[in-house]
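Hi,

Here is the structure I said I would pass along.

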Amino acid sequence: MRPVHIALAVLVTALWGVNFVVIEVGLDHFPPLLFCALRFLVAALPAVFLVGPPRVAWRWILGVGLALGVAKFGLLFIGMHEGMPAGLSSLVLQIQAVFTALFAAVVLGERPGRRRLLGMAVALAGIAVAAVDEGTSGPLIGFVLVVAAAAFWGVSNVLTRKAAPPDALNFMVWVSLVPVLPLLGLSLMFEGARPDLHALSRLDWAGVGAIVYVAWVTTVFGFGVWGFLLRTYDASTVAPFSLLVPVFGMSSAALVLGEGISAPRWLAAALLVGGVALTSLPRLRLRRGPRRRAEVPGVGARPDAPGSDRRPDVPEVDPRADAPGPDRGPEPLLPEPGGPELGGPELGGPEPGGPESGGPEPGGPESGSAGAPAWSGRVGQQT
């Protein structure tokens, strides 16, 4: 990647990591479902009038909008409102790569290989360590809600892969329009009209800034740049940068919000990031150079090349050796066509596709992808 594009990738992951701190600020000003609805409303308007019509079928926009906007972000905001720390939320959400691989295996028939299965096991071990640490130091309900949010993120990743949008920004803007009304309805139903109106009447610059950041900075700008990078480079080149999101999320939460990082949380972070890396990133393969053919003088040379008039050395044969004579026995009979000498394994050569014929060996490289991060075959989107 060019240095300027590496800088852009790191910038986007840093913005996505700091986003969890901004969500904490926004939750101090709004009920969680109302805050989530305002986020998508500002992200969709007025951008929906500028990006052009949707380029995929409406069923995919509605499906991803409900799974990603209503379920994933709704559960995330409620979980953080219930006490889930911002830094730990940025880390636990990365388990979406495991859910994506599992759902892709069921829905898309993508069979995970041994390396991906090992990565899932390592990431789940990290989740278990984080759950024990959070259960002893904070409310476990918030942790469970964030894990459920990661599961719905995996659902949205599989739907996005099926949709295969040609323009990530266009797709994300139209997807952002879907959750607005459902989230507003859920907010009125569960949070009440009075708290919503009270939050809107006390709107200040901090609340406005939180909405603008999560809507325009992380959604419109972040996904716009990420989509540009994915159109410019292979997903395997861009996806590893998404592993920096929990690094920026946990460090910014520690610096701004004063969240402590215990030893079990460090262990959980190492297991989660390592497991997600094994699950999401492609396996490195060493490319072998082309096989060199034996050089025969004069064969395949240009007519005007030096030495092209040289003929290969052939040993001289006495013509009298083939002449019939009294001391020569009878000539051997030719083998019958289709007999064992011509059709058997001794002269038949290796079977087609076998390892000696250059065909693909059984049990090739693992198939399929899951991250985002991941998204549309990548390590999925971030918040």
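A residue is called buried here when its relative accessible area is under 20%. Keep in mind that this is a predicted model. D167 has a relative accessibility of 18%, so D167 falls on the buried side of that cut-off. R161 is buried too, at 17%.

Both of those residues turn up in salt bridges. The count is two. One joins R55 to D167, with 3.7 Å between the closest N and O atoms. R55 sits in the loop between α2 (32-44) and α3 (58-81), and D167 in the loop between α7 (140-163) and α8, so this pair ties together parts that are 112 residues apart in sequence. The other joins R161 to E110, and there the closest N and O atoms are 3.0 Å apart. R161 belongs to helix α7 while E110 is in the loop between α5 (96-107) and α6 (114-137), so that pair links parts 51 residues apart in sequence.

Now for the second largest cavity, which holds about 50 Å³ of space. What lines it? The residues are P54, R55, V56, I61, P165, P166, D167, N170, F171 and W174, so you will meet R55 and D167, the partners of the 3.7 Å salt bridge, again here.

Cheers

Notes. Residues numbered from 1 in each chain as written. Predicted model: local features only at pLDDT ≥ 70, side-chain atom pairs only at ≥ 80, totals over all residues. Heavy atoms only, no water. 1 Å grid on protein atoms, 1.4 Å probe; cavity = no way out; pocket = protein on both sides within 12 Å on 5 of 7 lines; lining within 4 Å. Points joined across faces, edges and corners; volume = space filled by probe spheres on them. Salt bridge = Lys/Arg side-chain N within 4 Å of Asp/Glu carboxyl O. Helix = DSSP H or I, 4+ residues; strand = E, 2+ residues; numbered from the N terminus. Buried < 20%, exposed > 50% of the residue type's maximum accessible area, 1.4 Å probe, protein only.
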